[in-house]
Amino acid sequence: MLWAFCFSGLASAQTEESVRLKQDLRGLLNSIGSTKQASGIGQEGLGKECKPSIEQTLIGKVPGLWVKERSGMPGEGASFYWRGVNSFRANQTPLVVVDGIPYETYSLGYSMVDGFYNNPLANINPNEVQSITFVRDAVAVWGSRAVNGVLMIETTKADKVQTEINFRASGGIVTAPEKISLLNGAQFRGLASDLASSGFSSHKDIEKTYPFLLDDPNAPLYHQFNNETDWQDEVFSDAKLQEYNISVSGGDEIAKYAFSLGYTNREGLYKNTDFTRYNINMKGDINITRSFKFEPNMSIVLKDNALMHQGLRSATNPLLAAYKKSPLLSAHAKDDEGRDLPYYSSLYFGVSTPTVLIENSSADIRSYRALASSKFTYDFGKAFKVNLLFGLDFNKSRERIFIPQDGVINRYEYSETGKRINYNGMRQGVERSLSYFGDLYATKLHRWGKHQLDARAGLRYRTVEIELDNAYDFGSPSDDFKSVGQGSARSLRRVLGGVSDNVELTAYGVANYSFDNRYLATLGLAYDGSSRVGEEASSYALFPSAGFEWRLASESFLKDSQLFSLLSLRTNFSLAGNDRFNALLGRSAFRPVQGILSGVIHNGLVNKELEREQTTNLDFGVDAGLWNRRINISAVYYFRKTTNVIVGYELREPLSGMYYDNGGEIENKGWELAADVRLLDKELKFDLGFNISKNENQFTKLSASSNPLALQHSGKLVEEIPGDGQVVLQVGAAMNQYYGYRALGVFSTTEQAESAGLKDEDGNPFSAGDMIFDDVDNNKIINANDMQAIGNTMPEYVGGAFAKFNYKRFELSAYCDFATGCDVYNYSRVISESMYGMYNQSKAVLRRWRAEGDQTSMPSATMSDPMGNSRFSTRWIEDGSYIRLKTVSLTYSVPKLKFYQNMKLYFTVDNVMTRKDYLGYQPSEAAFGGAGAGLSKMPSGRSFIIGVQLGL
């Protein structure tokens, strides 16, 4: 009854795999009740990239879904943005459903490792996935959880009678990207000399304060200050990857089974980092009677991550330290002859030693996850079935972190007595989650004449219990003592924890009606209950959905058309909620305090009437298949309006903290276009396709808070980001705009600076060599009043394209992804081009202003940057548009022999090349909350993979 546009790996809709997948999707959509609202990827599109996380296989393949990588750290995965941004405080990722069981991801991304997201989807082995389907509108079944779509993941089924053994192995290398070009020793001395001259007028004072500027072999520490160290070489290394998977399936007409084992290991591009995963999957399909069926399912995974910090502190982030550390220094101390001593050198210039961070610090995460489910189906005949599905999802994650003292910039904390204490840092944390799920539903298919009615109704229950316990300890006797409890700074020791319980209850029904295969209508209703809303708000809400499709190709005037094998018009409407926000925003609770006095305090002023956010979805689409589906086209226009958006309001003095209210409205509208074509269909087959989506986003309303104790917003919200940057949400404008100063160049001469007459907010005049900033209010003073919108964080267009060639036993496939119309804040350049201290910088600073009349866009080097030349401005905002050839794969199907059923050999290159103007590594990996920001996280490298698939 229903058709779904889909990708099958890189193939067009004409392949056998695609036809099978479409049939699976048709059955899926019949049960969900959503007209042409899905895109899918079959097994052929999942197995050739050796990805540690399945969401990376979706990059550029689903219209309207922007999959944005978080970093190149193995296992960290990607973020999802579907049809723009529609919330500030609620989770915006799709609901993930694995074999019919909701897979908890909302609360499990927390990590104590700076800058790392503990990705729950990395627990799923792509080799054990049969298909991935993104359902755009499944509100009729999943209620408020489906507001941002549903990612349906089906693992390998126990559906084969004949015994089959399949083995897969792959391995390869990942090469580090081209390094950032930094100053060498001589160039650093020149920069340091300019900085020193800006702070001291006497050469004697300079030599006394900065003795490393003296080129005297007899000077103390001469050998310590005369090296040529490339610190990026101390951090980066080419990496290896390997993956093995074996599966066994078989049985008889009464009972079938499927069993698989998987192992994945992928090293990171930082030395001493890697990702390891062990998987066990077991499935059964048992016909207890002709009418009664039982399907058990169990998967167990063990995951280990060896990580490095990726946060904003160069004290612990090895890449930031490598950018800033002077090339004149070396990791080890030197004797009078310049030989390395067996201990690390003293710290100079206030930067940690990258070698120490790589070799001596540690950040390890070990995770266990078990997902068990059972499905019972009773067939009463006459196309009427009753199904009971229940499951258990258990997750436990343990983190152990150690930050050494030797070679690392001292960190300080204050005790209750005010004494400042130097310490090593030790952290340990345990996170546990337990989810119970049950779904009782009935399906009925009824046909009479040209009419058909397919209905489903059910009751679903789910509870999620999460416990988090963290401990922080400091000041261990030496770097050899790394466990919490061994610290000497007792007054600084902290123990934190929390427990949350959430309950969801949904009654739902959906009916699909078809007349003569020409007119199709869908009507659904979900009555959804949640414990996350405010304790005085209504826990239940109704979420309706409806759709209609007219299949013109089935009409008499087109039925015999040679041109159109498919032509249909469709529309879909739904009202969905979003309750995936912190329940403590609307519920009273107490938290403990520790110190001189211990006890409990209230969690603050909460809004007990806090409601779900609500999103209205409306779309119109047309689908066409031409010349016996040689060409397939799908186009959609959509409109999404989200009301009751949760907004934070500061409390009036003497109160402190935030009060949250349903005070915002957001609109997203745009279109999606996808097409594929089989250009050649003889011995040589050639398939080509693409998808492109456009989104226009606007923050449309900011209401006053209902609480008089809360300060009201003047039409905009401000979010602070690193480097004194701001992201502003202003009524009438696109969301998440960068807000800062507009840089217009550098004053070339004193005369030019004096003629402009600009001063900073303290009255100090800008001079030759300083940046020229746009004086918005024309008062000759550069201050906060001159800040303006200087960039947009979200792309206007996203999409992807694929090409596939088949010739005899060879298959060559490639796909790319792209995003355009967005800006990225390159925070790494703030670190490497600000020239405000004795830190190494990129070679771009060789263009800095040095003398009267210099024409350049790089300001002068000035100690401490008194005029704010490095302030948050367009100087750091770059075009984040890119097009990337993501994957190229060559496969050869080996002729069949007696001892195996099938064999495939393949060679794959991932992250082949990227066309960009962005000066960092990958603009697609630049992320900070809802904003794009290059934060010096591990980049992705280029992977070269060889593999074999063998079926016995």
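Me: Buried means under 20% relative accessible area; in this predicted model, is N911 buried or exposed?
Reply: The place of N911 is in strand β44, which covers residues 902-916, and N911 has a positive phi of about 55° although it is not a glycine. Its relative accessible area is 11%, and because buried means under 20%, N911 counts as buried.

Me: Which residues gather in a patch of negative charge on the surface?
Reply: One of them, E535, has its place in the loop between β22 (519-530) and β23 (540-551), and this residue is partly exposed, with a relative accessible area of 38%. The residues that gather in the negative patch are E535, E536, E609 and E611.

Me: What is the area of the nonpolar surface patch that includes L684?
Reply: L684 lies in strand β30 and is partly exposed, with a relative accessible area of 35%. Other members of the patch include L679, F805 and I946, and the patch has an area of about 930 Å². The elements that give two or more residues to this patch are β29 (658-681), β30 (684-702), β39 (797-807) and β40 (810-820), and the area asked for is about 930 Å².

Me: What is the omega of the peptide bond from E653 to P654?
Reply: P654 lies in the loop between β28 (631-650) and β29. The peptide bond that leads from E653 to P654 is cis, with omega near 5°.

Key: Residues numbered from 1 in each chain as written. Predicted model: local features only at pLDDT ≥ 70, side-chain atom pairs only at ≥ 80, totals over all residues. Heavy atoms only, no water. Patch = residues over 30% accessible without salt bridge, like charges linked within 9 Å, V, L, I, M, F, W, Y side chains within 5 Å. Areas by Shrake-Rupley, 256 points an atom, 1.4 Å probe, with all protein chains shown as cover. Salt bridge = Lys/Arg side-chain N within 4 Å of Asp/Glu carboxyl O. Lys, Arg positive; Asp, Glu negative; His and termini not counted. Charge placed at Lys NZ, Arg CZ, Asp CG, Glu CD. Helix = DSSP H or I, 4+ residues; strand = E, 2+ residues; numbered from the N terminus. Buried < 20%, exposed > 50% of the residue type's maximum accessible area, 1.4 Å probe, protein only.
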